[in-house]
Amino acid sequence: MSDISPALPDALAAFDHIEARLAGRRPLLCLDYDGTLTPIVARPELAVLDLDARATLAEVGRVCPTAIVSGRALHDLRERVGVPWLYYAGNHGFEIEGNGLRLNVGDDHRALIAAVRDELARQLADMPGILLEDKGYTLSVHYRHAPERVLPALYSTVDALLADRPQLAGRTGKKVFEIRPAVDWHKGRAVQWLRERIEGDLLPVFIGDDLTDEDAFQAIAQDGIGVLVSDTPRTTRAHYRVPDVEAVYRLIAQVGALASRTPARAAAG
Ligand SMILES: [Mg+2]
C-alpha cells in the first residue's frame, strides 16, 4: 500500500466500495472529535456539537458500536458528546469507557505529567500564545496562537524537558505537542482493544483528521476502513477521504443506514 495518497477516493462517492469491504460484517465506527465531528476552532472549549450532530451520533450508536476516540480527556469527551450508549476513548485511548468496558493505561505516569505541566508553565511563562492543557494521562501544549518567532524556543524547551524524562514521549499534532507516557499505546491500540471486547464480527471504520489518527489508520490498514478528513493531500495510511465535517456526518449516516439494513439482508439470505 502506498503511504503517499494524493488521490484517495472520496468515501461518499466510493461508498459502494465501502459497502463491499464491509460485506455484511458489523462496522465498529470510530470517530475522532476535533476536526472530524466539529470544525477546528480557535480554542478547544469552543468545539461543541449541535443537536443534529448529536442526534446523528445517537442514532448510529443504536445500530452499530460507535466509539469516540480523541486526544481530549475522557470526561470532557463524554460531556461534549453526551450519548450514553457510545464508547469513549479519551487521551488518545489511554482511558476508555462505555457499555461496561473500562480501561486505564499509564495511571502511574500521572504525577510525572503533573510535574512536567508545572515545569513547562514556569519555563513558558513569558512565551505568548501558548496554552497548556493538563488532561491527567497526557499533557497538550497548544501553540496555534503563538507567533512564529517563539516556536524555535518552544521546540527546544519541550525537547530538553523530554530528553530528561525517558518515561515520557512527545507527539506532534495539529499545532499541538502531546506529552504522554512512553508506552506502546495509541488510538490504534485503543481501537483494537475495543474490537476484541465488543461482540460480533466487527470491521473498524475509523474517521479522523489528525496526525495521531494515523496510528489508527495503520492499525486497521489490513482489516478495516480508514477515512481521512482533509481537503488537501497528505501522507496517510487511510483508504478514503472526505473533505470536511459536513461530509463526515453524511458518511456516518450512510454507515448507519447500511448497518441497520445488514441483519435483514443476512436473514433474507
Ligand atoms: Mg482531530
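**Figure 1. The largest nonpolar core of this predicted model has 49 residues.** Four residues have the most contacts inside this core: Cys30, Ile68, Val205 and Val227. Take Val227 as an example. Not counting residues up to four places away in sequence, Val227 touches Ala11, Val205, Phe206, Ile207, Ala238, Tyr240, Arg241, Val242 and Leu251. Another core, of 16 residues, lies apart from the largest one. Leu139, Tyr143, Phe177 and Ile179 are among its residues. In soluble globular proteins, nonpolar side chains tend to be buried together.

**Figure 2. The protein chain is divided into two parts, domain 1 and domain 2.** Domain 1 takes in two stretches, 15–102 and 189–268. Domain 2 covers 107–181. Taken over C-alpha atoms, the domain centres are separated by 28 Å. Domain 1 gives 11 residues to the contact, and domain 2 gives 12 residues. On the side of domain 1 that touches domain 2 there are four nonpolar, four polar and three charged residues.

**Figure 3. An open sheet is built from four strands in the order β6-β7-β9-β8.** The pairing is antiparallel. β6 (131–134) and β8 (168–172) stand at the edges. Each has a single partner strand, so one side of each is left without a neighbour in the sheet. From one strand to the next, the twist averages 20 degrees.

**Figure 4. Strands β7 and β9 pair in the antiparallel sense.** β7 spans residues 139–142, and β9 spans residues 176–181. Four bridges join this pair. Within the pair, Ser140 stands opposite Glu178 in β9.

**Figure 5. Glu133 lies in strand β6.** Is Glu133 buried, exposed or partly exposed? Glu133 has 18 other C-beta atoms within 10 Å. A buried residue would need 20 or more, and an exposed one 12 or fewer. Glu133 is therefore partly exposed. Not counting residues up to four places away in sequence, Glu133 touches Pro44, Ser140 and His142. Arg72 is 61 residues from Glu133 along the chain, yet their C-alpha atoms are separated by 9.5 Å.

Technical notes:
Residues are numbered from 1 along each chain as its sequence is written. This is a predicted model: local features need pLDDT of at least 70, side-chain atom pairs count only at pLDDT 80 or more; totals for chains, interfaces and linings use all residues. Two strands pair if DSSP finds at least two bridges between them. Helices (H or I, at least four residues) and strands (E, at least two) are DSSP runs, numbered from the N terminus. Axes are lines fitted to C-alpha atoms, for helices over the stretch in contact, and angles run from 0 to 180 degrees between N-to-C directions. Domain bounds come from an automatic or database domain assignment. Two residues are in contact if their C-beta atoms, placed from the backbone, lie within 7 Å. Ala, Val, Leu, Ile, Met, Phe, Trp, Tyr, Cys and Pro count as nonpolar, Asp, Glu, Lys and Arg as charged, and the others, Gly among them, as polar. A nonpolar core is a set of buried Ala, Val, Leu, Ile, Met, Phe, Trp, Tyr and Cys residues joined through C-beta atoms within 7 Å.
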